[in-house]
Amino acid sequence: MNSPVAALLADAEDLHAEGVPDVVDGLLDAARQRSASDLHLVPTETGLEVSWRVDGVLQHVGQLPRRVAGNVVARLKVLAELLTYRTDVPQEGRIRSGDTTLDMRVSTFPTLFGEKTVVRLLRTSDRLTLVDELGLSQTIAERLRETLGRRSGVLLVTGPAGSGKTTTLYACLRELVGEGDQPLSLVSLEDPIESVVTGVAQSQINPAAGFDYATGLRSLMRQDPEVIMVGEIRDRETAETVLQASLTGHLVLTTFHAGSGTEAIGRLADMGIEPYLLRSGLIAILCQRLLRRLCSCNQPATPKTATPPHPDASLRTANGCTCCHGSGYLGRGVIAEWLDPAEPAIADGILQQLDSRSLHQVALSTGHADLATAARDAIDAGWTTSEEVVRVLGLRFSEPPAGPGPGDER
């Protein structure tokens, strides 16, 4: 357990209501220092379980007494300006900390033993990146910059939650803002706005007021945009509107939850999107994942620690030190695949409405480098391990790949 947190929770059994504000502040500060992306407070029959997510992995931190669980949640609700007397419905809010480099969002959800609370810590400074700073391979980075130079079509960034899709979109917007001397009309629809990008007219949707993605996108078409960023495709109406916008001379950047490029095409087809719209509207699909990087304390793998499929490769293995808190990993890196729907064989497969598995095989036959290939390259480069690939992708290279591509990160 992290020592500041251990000290904070050491006397948890003696904690009373008057000490709750200090404990909450201490937990938020510890999560910030640990570079956690989420702080979880889960009520159980015996107490309030405290965990946080670091580098994509949920780690148990400790437990608070059940008698103060309601006070801890109430304190967070006060900080987030939520209704403390409503414990029967989900609520969402934001903690105004005065720290411009950190945005803390609070989400509560009623459960059997009380309200589960998750605090998401968004570091805005981490998102001040350009395409070259994302860590993509040189080939994919060049293709991405080339695609951003076009003025029509849809660039689809796919992957599960927490795979860095939004960070990639913000990097694309910053790239476009700084492109040449000729200004562009850049607009966005987001939910929520996670980072302010100077030079982009950003809007946050409000479904309760009838301002959803599809409605906002139709209105934006009358705002003379050249590039539109849509936070996420969530339904058929938004997907159709996005693709139609791309066919009328707009470059659209958006995200979609899918495990691979071909799976994204298959899911859009399952939504009822016509094949001709997919074939004509999509100009590129970037699918990405985040893998934990080995800490500098890593060691060469031995025959006992090496994991297939690279018994002869120069592999490294996680070790553990105080710097990485004993995990053997520190930070994360990106792996990605780039799918070009204009590739003749892939375009024909889309028009023939091939299923995701078949379309994936067609793409591989054209030389497409999928996420499995990117994962192999990352292991061979020595910055991650096959164990991490199994954890994130559920993919063992010693076995033939199943399905259109690696599954979602959990």
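# Exercises on a Predicted Model: Strand β8 and Its Sheet

Strand β8 is joined by 4 bridges to strand β9 (residues 201-204), and the two run parallel. The structure is a predicted model, in which local features need pLDDT of at least 70, side-chain atom pairs count only at pLDDT 80 or more, and totals for chains, interfaces and linings use all residues. Residues are numbered from 1 along each chain as its sequence is written, and side-chain values use heavy atoms, with hydrogens and water left out.

## Exercise 1

Determine which strands pair with β8, and name bridge partners.

**Solution.** Step 1: apply the criterion that two strands pair if DSSP finds at least two bridges between them. Strands are DSSP runs of E with at least two residues, and helices are runs of H or I with at least four, numbered from the N terminus.

Step 1: take β9, which has 4 bridges to β8; within β9, S203 is the bridge partner of L189.

Step 2: take strand β10 (residues 227-230), which pairs with β8 in the parallel sense over 4 bridges. Here L186 stands opposite V227.

## Exercise 2

State whether the faces of β8 are buried or exposed.

**Solution.** Step 1: recall that buried means under 20% relative accessible area, exposed over 50%, and partly exposed in between (1.4 Å probe, protein chains only).

Step 1: count along β8 (residues 186-190), where 5 of its 5 residues are buried.

Step 2: separate the two sides. L186, S188 and E190 lie on one, V187 and L189 on the other, and all are buried.

## Exercise 3

Give the strand order of the open sheet and identify its edge strands.

**Solution.** Step 1: read the order of the 7 strands, β9-β8-β10-β11-β7-β12-β15, with mixed pairing.

Step 1: find the strands that pair on one side only, namely β9 and β15 (329-339).

Step 2: note that neighbouring strands of this sheet are turned by 20° against each other on average, direction ignored.

Step 3: Strand β7 (residues 153-158) and strand β11 (residues 251-256) are parallel over 6 bridges, and L156 has T254 of β11 as its bridge partner.

Technical notes. Axes fitted to C-alpha atoms, helices over the stretch in contact; angles between N-to-C directions.
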